[in-house]
Amino acid sequence: MSLLHFAIIAPLLFACFIPFLFKRLNLIHTGWFVLGLSIILFIYFLRFLPDIQHGGIQETVNWIPSLGINFTAYVDGLGLLFALLITGIGSLVSLYSIYYLSKEKEDLGSFYVYLLMFMGAMLGVVLSDNLIVLYTFWELTSFSSFLLIGYWYHKKRSRYGAQKSMLITVFGGLAMLGGFLLLYLMTGSFSIREIISIADGIYGDPLFIPALILVLFGAFTKSAQFPFHIWLPDAMEAPTPVSAYLHSATMVKAGIYLVARLSPVFAEHGLWLWLVAGFGIFTLAWGSFNAVKQTDLKAILAFSTVSQLGLIMSLLGIGAAALHYDYLDDNLYMAATFAAVFHLINHATFKGSLFMVAGIVDHETGTRDIRRLGGLMQIMPVTFTIALIGTFSMAGLPPFNGFLSKEMFLAAMVNVLSLDIFNMETWSALFPVLAWVGSVFTFVYSMMLLFKTFTGTYQPEKLEKNPHEAPVGMLVSPIILGALVIVFGLFPNILSTSIIEPAANAISPALIDAGQSFSTHISFWHGLTPELYMTIGIVIVGAFLYVTLPKWERIYGLFPKKLALNHLYDQSLIRAESGSLSVTNSYMNGSIRTYMIYIFVSMVGILSFSIIQKNAFAFTTDGLAPMGLYEVVLGVIIAGASITILVAKSRLTSIIALGAIGYTVALFFVLFRAPDLVLTQLVIETISVALFLLAFYHLPKINRKEERMGFKLTNALVAAGVGVIVTVIAFSALSNRKFESIAQYYIENTAEKAGGLNMVNVILVDFRGFDTMFEIAVLGIAALGIYGMIKLRLSRREDT
Amino acid sequence: MIEMMLSTALVLFAIAIAIALYRIIRGPSIPDRVVALDMIVVNLISGIAVISVLLKTKAFLEVILILGILAFISTIALSKFIERGVIIERKRNR
């Protein structure tokens with residue numbers, strides 16, 4: 001157990017103490033303790049920065065070594081970047097939540113337990129080298145996210161959102177587990193680094209494509225890519241700190257992390273590039289297009305997150321193309337990976353601050369609906385400033401960091417035009433076009449977010465509270481994030497060498513030699529490039545669209561509701577539920593007769609199928625004993641009695657016929673020389689006939705009609721089938737005798753070793769006495785059961 | 001020769017049982033049937049005795065005893081049932 005492992009599970013361990021802190025030290029807001037822990041972790045992870053310039057640090061703790069599952073923590077550029085995001089934003093969010101969540105009204109103990117659970121799980125996801133450990137932590141993030149979304153569990157929408165996100169992300173998580181197992185089958189290792197080192201060997205494996213698709217399922221569901229993005233807007237029912245933390249900065253980037261982490265394994269294949277980049281770019285356009293429609297601040301931000309995640313995803317997809325070009329002199333596609341990492345950081349900063357702004361607005365005015373908000377600029381100047389920085393950065397305007405990454409994104413998309421692999425040339429024009437359209441809508445909703453909230457007419461009558469500026473403590477976190485937006489915008493190179501470069505190296509380890517060639521890219525932002533013209537176009541068209549928004553807003557109404565993905569999701573849940581209900585109702589009808597038919601039909605079916613399949617039917621008369629007259633007579637009697645049971649009019653006749661069968665069987669035992677059996681059979685048959693008569697005598701007088709058993713064709717067929725199949729099996733078994741029986745041993749040793757002359761009894765009590773013991777137990781249980789049933793009547797509703 | 005005789009005896013027992021069966025099936029009253037049942041069992045006892053002679057074994061003598069006891073008990077039980085309506089009477093003083 002190294003310090004690194006402790007750092008990863010520290011939040012989980014600390015979560016155990018939260019309830020005590022909450023109960024005992026209730027004068028202090030519990031969040032302060034969490035804040036302390038996350039700051040310590042942040043500083044701890046910062047100390048790794050110099051080390052990861054030259055490859056990663058690895059520490060292993062054995063967990064299940066026999067299965068190759070070990071808790072291997074591995075810190076490289078990518079893992080560290082995420083760890084810093086998680087702990088850094090985690091600290092800011094804890095600070096923010098201290099002021100956001102009231103100590104008196106909220107159940108803070110649960111909140112911080114869930115939050116710490118999530119933080120630990122997320123650290124585990126990004127710092128694990130072992131796929132199974134990664135999956136474990138991955139599911140823990142889904143789980144803690146479920147708890148956090150449903151934090152206000154008395155609200156119906158919260159429960160709905162929590163359930164939806166759980167279903168979708170766990171579905172993806174399970175698919176991902178399948179992908180991991182396929183990877184294990186191909187490589188024989190769960191360690192990501194080992195898999196990467198032998199990734200070339202599995203390229204042509206038939207399991208490669210299924211593994212690729214399954215892993216992408218996991219990544220796309222977690223990162224809210226189209227069409228799995230629908231859970232994210234509903235997850236906005238969570239408290240705002242949760243939305244800021246989980247649903248903008250960290251958890252939704254777990255899928256991004258997975259794609260980046262496994263790029264060296266899969267990116268050789270064209271399908272990877274196509275799927276990642278294609279779904280990413282479509283998600284970008286779709287998310288930003290839908291964000292404009294929303295009227296709730298957090299819903300806009302949710303769709304915006306979806307769209308920005310699509311942006312990062314598509315950049316990672318394009319970055320995969322770098323692997324196909326060995327000449328690194330003008331490596332255009334490596335720049336895409338670089339841009340992805342850069343935008344990842346930028347998005348975490350500005351989206352975190354925007355969510356906090358939305359939370360402040362909600363907290364101070366009582367509403368998040370932009371139709372009721374307006375004119376808050378003078379009332380909340382600080383909040384307005386932060387929102388301005390965040391939205392302009394999101395829209396991609398200078399001098400904020402979003403501008404830089406957006407430029408790099410557009411540059412990468414323009415470079416797609418020169419791709420000449422995987423039939424890319426046919427469709428590559430779609431990428432810059434969709435990227436541009438998506439960016440235009442991004443601009444529109446960013447402006448909406450800012451101006452509809454803070455400018456325009458102030459409508460105090462529509463607000464539930466009297467708005468005023470937020471408390472200082474609440475503003476600290478968004479101010480820090482806003483400051484970072486500006487700092488990263490003005491001095492991007494402090495990031496590029498320290499963290500982005502190692503992270504990009506981790507994504508494309510094969511190209512690690514040319515490390516210096518992409519460090520220069522970030523200073524390329526001067527100059528008249530096509531992407532600059534595209535940005536100018538975005539601003540002009542976006543501004544025009546924003547001004548004319550009321551005129552074209554109606555096109556959102558044109559989209560049919562029935563085709564909406566949420567509708568599809570809801571309907572499929574309802575259908576699945578009613579469908580399974582009707583399926584269950586159709587065969588579980590509660591009648592024992594039906595179940596017996598199922599049992600017998602499947603028995604006949606399986607047996608006859610296997611007999612035909614194995615060609616097992618055989619019939620020989622070799623070794624059969626001659627049949628005497630007595631056997632024939634007794635057989636005829638039994639047959640007659642059996643038919644009597646079937647056709648008898650009165651139940652009494654049936655009982656007597658059953659008795660007759662029993663006695664005839666006893667006679668058979670006489671003929672076949674089994675005296676002990678005869679004795680037992682006679683006595684037992686007498687008793688059971690007496691019991692039948694007892695049951696018959698106590699039948700209720702009402703409805704006691706004497707009638708024949710009705711004839712049902714299915715019953716007859718099933719009965720005939722069972723009889724035939726059992727007969728056939730008996731014949732076949734008899735004709736296929738392969739070995740001598742072991743009876744000879746008993747014959748020789750009954751007297752000699754066991755000291756008895758009656759072989760049946762010696763077998764029962766000596767050679768195989770265990771069976772007898774438990775049959776005695778059975779009889780004892782039956783006797784006690786009967787006694788209990790007769791004596792013990794707990795409910796005396798009908799009798800007495 | 002003796003086998004022949006024994007077989008003949010068996011056939012005669014079977015005929016007796018068949019006649020008794022006829023009484024069981026048709027017998028207008030329950031006592032008729034009970035007596036017929038008793039007769040069947042007695043014939044069965046004799047039949048088993050003959051069979052064990054045929055099979056040259058003493059193993060079935062217990063069977064004969066058991067059948068005798070069973071026949072007696074069941075006849076008694078059925079008679080008591082006809083007479084009193086119950087087979088095992090409850091104690092009064094409870």
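This is a predicted model: local features need pLDDT of at least 70, side-chain atom pairs count only at pLDDT 80 or more; totals for chains, interfaces and linings use all residues.
**View 1. Overall form of chain A.** Chain A has 33 helices and 2 strands (DSSP runs, with H or I over at least four residues for helices and E over at least two for strands, numbered from the N terminus). The radius of gyration of chain A, 38 Å, is well over the 28 Å that the globule rule gives for 800 residues, so the chain is more spread out than a compact globule (taken over C-alpha atoms; the rule is 2.2 Å times the number of residues to the power 0.38). The C-alpha trace of chain A spans about 115 × 65 × 55 Å along its principal axes. Buried residues make up 50% of the chain (buried, under 20% relative accessible area; exposed, over 50%; partly exposed, in between; 1.4 Å probe, protein chains only).

**View 2. Overall form of chain B.** Chain B comprises 3 helices and 0 strands, in the order α-α-α from the N terminus. Its radius of gyration is 17 Å, whereas a compact globule of 94 residues would have one near 12 Å. The C-alpha trace of chain B spans about 65 × 30 × 10 Å along its principal axes, and 28% of the residues of chain B count as buried.

**View 3. Salt bridge between A:Glu237 and A:Lys155.** The closest N and O atoms of this salt bridge are 4.0 Å apart (a side-chain nitrogen of Lys or Arg within 4 Å of a carboxyl oxygen of Asp or Glu). The pair links distant parts of the chain, 82 residues apart: A:Glu237 lies in the loop between helix H9 (231–234) and helix H10 (240–249), and A:Lys155 in the loop between helix H5 (131–149) and helix H6 (156–187). A:Glu237 is partly exposed at 21% relative accessible area, and A:Lys155 is partly exposed at 32%.

View 4. A:Arg368 pairs with A:Asp362, with closest N and O atoms 3.6 Å apart; both residues are buried. A:Asp369 meets A:Arg371 in a salt bridge of 2.9 Å, N to O. In this second pair A:Asp369 counts as buried at 18% relative accessibility, whereas A:Arg371 counts as exposed at 54%. Elsewhere, salt bridges with shared partners join A:Arg157, A:Lys164 and A:Asp234 into one network.

**Notes to all views.** Residues are numbered from 1 along each chain as its sequence is written, and chains are lettered from A and ligands numbered from 1 in the order in which they are written. Local features need pLDDT of at least 70, side-chain atom pairs count only at pLDDT 80 or more, and totals for chains, interfaces and linings use all residues, while side-chain values use heavy atoms, with hydrogens and water left out.
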